[in-house]
Amino acid sequence: MVDPPPLIRPTPGPVRDGFHYDRSRPFVADQRRGVRLAARPGDAVAAPCGGRVRFAGRTPQGDAVTVACGGWTTTLLGVASTVRRNAAVTAGQRV
């Protein structure tokens, strides 16, 4: 497994739901493979790492932006994107 890149917090809001995942039972309901941060509508959201935008658009869960960061991928949900697919972004850049 590749070590994760250095990540920055995409928004300063508090953690609403933490990471919860059991590899021995990967498909059990109510697992969270990321963290949920509190933010107000219109708050700036930053790319957590430098890389290339792999997705920017609507999903069944709402608007999202996915950034490929080396061997890792980060997805931000609930983000009205200001970037387009295949755009290069730097860590901390507003997405």
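Analyst: One definition before the strands: two strands pair if DSSP finds at least two bridges between them. Also keep in mind that this is a predicted model.

User: Fine. What do β4 and β5 form, and which residue in the turn has a positive phi?

Analyst: β4 and β5 form a hairpin with two residues between them. The residue is G70, whose phi is about 65°.

User: How many bridges are there between β4 and β5, and in which sense do they pair?

Analyst: Six bridges, in the antiparallel sense; β5 covers residues 72-77. Across from A64 you will find L77 of β5, and across from V67 there is T74, also in β5.

User: And on the β3 side, what do β3 and β4 form?

Analyst: Another hairpin: two residues lie between β3 and β4. The two strands are antiparallel and share seven bridges. As an example, A56 has V65 in β4 as its bridge partner.

User: How many residues of β4 are buried?

Analyst: Seven of the eight, so β4 is largely enclosed by the rest of the structure.

User: Switching to cysteines. Which ones form a disulfide?

Analyst: C49 and C69, with their sulfur atoms 1.6 Å apart. The cut-off is a sulfur pair within 2.5 Å, and by that rule the count is one disulfide.

User: Where are C49 and C69 in the chain?

Analyst: C49 is in the loop between β2 (36-37) and β3 (51-59), while C69 is in strand β4 (residues 62-69). They are 20 residues apart, and the pair links distant parts of the chain.

User: Are C49 and C69 buried or exposed?

Analyst: Both C49 and C69 are buried, which here means under 20% relative accessible area.

User: Last one. What does the lining of the largest pocket have by class?

Analyst: There are 22 nonpolar residues in the lining, along with nine polar and ten charged.

How values were computed
Residues are numbered from 1 along each chain as its sequence is written. This is a predicted model: local features need pLDDT of at least 70, side-chain atom pairs count only at pLDDT 80 or more; totals for chains, interfaces and linings use all residues. Side-chain values use heavy atoms; hydrogens and water are left out. Helices (H or I, at least four residues) and strands (E, at least two) are DSSP runs, numbered from the N terminus. Buried means under 20% relative accessible area, exposed over 50%, partly exposed in between (1.4 Å probe, protein chains only). Ala, Val, Leu, Ile, Met, Phe, Trp, Tyr, Cys and Pro count as nonpolar, Asp, Glu, Lys and Arg as charged, and the others, Gly among them, as polar.
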